[in-house]
Number of protein chains: 2
Amino acid sequence: MEAKAFPMNGGDGAYSYTKNSHYQRAASYVAKEMIEEAIADKFDVTRLSSSSNTIRIADLGCSVGPNTFITTQNLIESMERKRHSQDCTKMTEFHLFFNDHASNDFNTLFNSLPLGRHYFAAGVPGSFHGRLFPKSSLHFVHSSYALQWLSKVPEDLLDKSSPAWNKGRIHYTNASEQVANAYANQFAKDMEVFLDARADEIAVGGMMVVIMPALPDGVRPSQIMSGLFYDFLEQSVVDMVKTGSISEAEVDSFNLPLYAPTPKVMTQLVQSNGGFSIERMELTDPSSKIVGPLNIPAVVMHLRAGLEGIFTKHFGSEIIDELYERTLDKSAEFSSRLESCCKATQLFLVLKRK
Amino acid sequence: MEAKAFPMNGGDGAYSYTKNSHYQRAASYVAKEMIEEAIADKFDVTRLSSSSNTIRIADLGCSVGPNTFITTQNLIESMERKRHSQDCTKMTEFHLFFNDHASNDFNTLFNSLPLGRHYFAAGVPGSFHGRLFPKSSLHFVHSSYALQWLSKVPEDLLDKSSPAWNKGRIHYTNASEQVANAYANQFAKDMEVFLDARADEIAVGGMMVVIMPALPDGVRPSQIMSGLFYDFLEQSVVDMVKTGSISEAEVDSFNLPLYAPTPKVMTQLVQSNGGFSIERMELTDPSSKIVGPLNIPAVVMHLRAGLEGIFTKHFGSEIIDELYERTLDKSAEFSSRLESCCKATQLFLVLKRK
């Protein structure tokens, strides 16, 4: 079965992902230098391109841009520099594959492809929880802020007879250990499938960079920004049950399929797959390149662009404005609790295909 | 500059290309057996897939489906048969590239990809009048009913001071020799660019099959069905100038960028490119698999789906219904004149990369 798709808001309107992905962009600037280093130190462009004179790059979970274009441009520039440092005189061509669910707005993506780009572009529809490319056909895979999406809501969360039934909650942030375990098990299954597929697709010596929200070892889910945000969203949802805008049953049957693993868990999953060596694993502060204090309403708008689809699908579009207004009303409290949060929550992971 | 795009009608409504492409489908059945033969006789699957265990196939001008899925499925089945006949035991994977202009409705295309397909799919946005893929990366290229679209309207047709000014007409079918020459020159330029790009992209021994409307040598443009249809459309447009629905200037500044070459011209263009050998070139009757007489209103609806975009862009959407109603009103005359038309107007061309 195709994994569940929760596309970002398409088009380019006020609530579109295109217009509300600057937080993610700031986060990707933090990663930019680390990617450049990984390519300079550990990506053998010359050898990998020797047979076909082509480097094939995939961005998994690319959404609709523009971040994916900025990232892929940086990748190519880093690889060109590496190629020159290797005194490679042969002409190398770059083939870029932009992947996301088939429900992603590829029309917007394709119509915003940079003019004068020095690469060949293709869109690849489908879940990365499964094979997307021929065997050993890729040389570099990038995935930013996509792997936190589970392929589905763990079934136990919806089962009234299960100890993991997540009544009255929408996430594991403040939930029982059983709920947290159900999420963790689903993430482990998803990563197993993901890593198996990528191990098939990436040529020996090829590289994969994964950037995603993570939970520092020993920190509680409510002590990081994403957890805090889900907590506030949950409070808004519960308030709306009280005022009658949403029914209790609707909340009980809704869970955000989002997970932030610890570095320890990720290490175990990669090792158990066995196809990759871990070249670098690091937690950084994704907001470290943002000058001045975080603009909470902007962060909420950003998170709205990413989550609106899944809320709309379950609760209907008519509750969305109220949900986000109620969450925005809590900006001051959000801001104050954010201060004591752990900031190093962006996992930067470099894997190399053995 | 990106070539002009005139997308087929998207979505799946009453006038959509999806719902009105059965005439083209019938035409592609005629080609199906010929493609199977070409692959069986002349496509060395085993050798071409030996280095990467992958066969890469592109459908250029794929539109939104479903024809492209039927065709590509046939291609893969033919190649699998060839592989077995060659006693090839290695596993071969197929990578399919669906290409059309960036303005094509790729969202519809991606959401109608066949479930359980045995190939990896990618969409490639951009004009095939230029490079789309890395060097020598393709093994088989298919293009059906796409190359008749010129990359642009020849400029002389719009130039009042030129002998090729196409006043009062919308095509070369009944126009002056100068107009016909302007079209022919544009087609020659487009084919030069197209063949240069494909010669770069197709690996040695790779194959290209082109299916498109053509004019049998020695036949006049008005003696084939497409020419006849443009003639009737032109009459409708001229009638609408008389009733005031369209201005004379609007007609003078409009020309259908469609061209049907003769086999002789195609031969010359392929030979002048030099990258391909002509393995087969044949004219067939695209309606030969349609049982009973042609349903003229259905043909007009089919042609409407293909041309509505370009008429709307120039004349505005409000004239479309009247234009096609007027053309449908001429069905009886269309039908009678069609009888004396030359039927063998589908060019089937098999090229092999030298």
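**A question to start**

Does Asn53(B) count as buried, partly exposed or exposed? At 28% relative accessibility, Asn53(B) counts as partly exposed, because that class lies between buried (under 20% relative accessible area) and exposed (over 50%), using a 1.4 Å probe and protein chains only.

**About the model**

This is a predicted model, in which local features need pLDDT of at least 70 and side-chain atom pairs count only at pLDDT 80 or more, while totals for chains, interfaces and linings use all residues. Residues are numbered from 1 along each chain as its sequence is written, chains are lettered from A and ligands numbered from 1 in the order in which they are written, and side-chain values use heavy atoms, leaving out hydrogens and water.

**Chain A as a whole**

Let's look at chain A. Its secondary structure comes to 11 helices and seven strands; these are DSSP runs numbered from the N terminus, with helices (H or I) of at least four residues and strands (E) of at least two. Of its 354 residues, 57% count as buried.

The radius of gyration of chain A is 20 Å, which agrees with the value near 20 Å for a compact globule of 354 residues. That radius is taken over C-alpha atoms, and the globule rule is 2.2 Å times the number of residues to the power 0.38.

**Where the chains meet**

Now for the partners: 25 residues of chain B are in contact with 25 residues of chain A, where contact means heavy atoms within 4.5 Å. Together the two chains bury about 2000 Å², with 57% of it on carbon and sulfur atoms. Phe110(B), Phe120(B) and Pro134(B) supply 26% of the area that chain B buries against chain A, more than any other three residues. Buried area here is the accessible area (1.4 Å probe) that two parts lose on being put together, summed over both.

**Backbone details**

Most residues other than glycine have a negative phi, and most peptide bonds are trans. Asn53(B), in the loop between helix 2 (45-48) and strand 1 of chain B, has a positive phi of about 60° although it is not a glycine. Tyr145(A) also is not a glycine and has a positive phi, of about 50°. Tyr145(A) is buried, with a relative accessible area of 14%.

In chain A, a cis peptide bond joins Gly65(A) and Pro66(A), with omega about 5°. Pro66(A) sits in the loop between strand 1 (54-60) and helix 3 (67-85). In chain B, a cis peptide bond joins Gly65(B) and Pro66(B), with omega about 5°.
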